[in-house]
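Hi,

Here is the structure I promised to pass on.

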Amino acid sequence: MQKIEFIIDQHLKEMTQHRTDTLSIACYETTIVQNVHRHIPLHWHDELQFVAVLQGTALFHINDQKMILSKGDGIFINSGIMHMAEDHGMSENCIYLCLNLSPHVIMPADLYIKYVTATNLPFLYIERANAWGEQILDVISRIRKELVHQVPFYEVNVASAVLNMWKLLIMNGYSLEHDTSEMSRNNRMKDMLQWINLNYADPIKLEDIAKAGQLSRSETCRYFKQILKTTPMQYVIEYRIQRSIELLQSSKRSITEIAYEVGFNSTSYYINQFRKTMNSTPLRFRRELNKRDKENNS
């Protein structure tokens, strides 16, 4: 089950506090389909993230890349990189360990610039079939146990494990190099998504989105196609639907009220788009949410 509430602000930044009382580190289980959206929505965070799949298969979207993670494997995602996750194939519900940690806990300040901030490469696939990959995945599980049991000096054990894990990462495929073009592209994409997320309830044109990213219309379409595998206006529709799901869960507003509140100018169009995205009508989806909440609270 998901141990920590998943909160994203209007800039797509995850606001969850990933830390213990004494460490800027958190490690918890996530079951993808237990999120209200039935997937982990697009987001980013300041923390570094390590994932180890415990059950099923996950499909991670990271910038313009797609990575399929099977049980036993994992992935590292760098600070500030946009990503999302969903169940993949017909396998059982995917559950993974998620280790989030502040970049500053990796190693002493004197070595931080040389060995941590020296790279902005987005991610690295961690395969258990590789000896170093197996070691990193085992370290993630060990850190999880340390944080749960908190035996004396567990903080020292965790700090040592994190340093060893980072050493394995940079010695086995995660190059210490800084890609300025990758940073620029990532920031432009964030700017456009941030603008959409702040203005989704109003009428939106492609020109508006392009202006937010300081790009032409054609470049804007290319960014969305390469990174999100969709068009700018389709993203707007899908984001409006995501916001409507939150209202379906948390409010007593009618379907029509919700449709107009999130930016649709027609109830029938909202229902049609919701059905395409969620394979359900908004009303049926709300009933299923209410049923699930009652079962969880009983």
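Helices (H or I, at least four residues) and strands (E, at least two) are DSSP runs, numbered from the N terminus. This is a predicted model, where local features need pLDDT of at least 70, side-chain atom pairs count only at pLDDT 80 or more, and totals for chains, interfaces and linings use all residues. Residues are numbered from 1 along each chain as its sequence is written, and side-chain values use heavy atoms, with hydrogens and water left out.

Most residues other than glycine have a negative phi. Asn63, however, has a positive phi, near 50 degrees, and counts as buried at 5% relative accessibility (buried is under 20% relative accessible area, exposed over 50%, partly exposed in between; 1.4 Å probe, protein chains only).

Gln150, also not a glycine, has a positive phi of about 50 degrees. Gln150 sits in the loop between helix H2 (131–149) and helix H3 (154–171) and is partly exposed, with a relative accessible area of 41%.

Now to the second largest pocket. A pocket is an open set of points on a 1 Å grid over the protein atoms alone, where a 1.4 Å probe fits, with protein on both sides within 12 Å along at least five of seven lines; lining residues have an atom within 4 Å of a point. Its lining has 19 residues, and Asn78, Ser79, Thr119, Asn120 and Met183 lie nearest the centre. Helix H4 (residues 180–199) gives the largest share of that lining, 5 residues.

Best wishes
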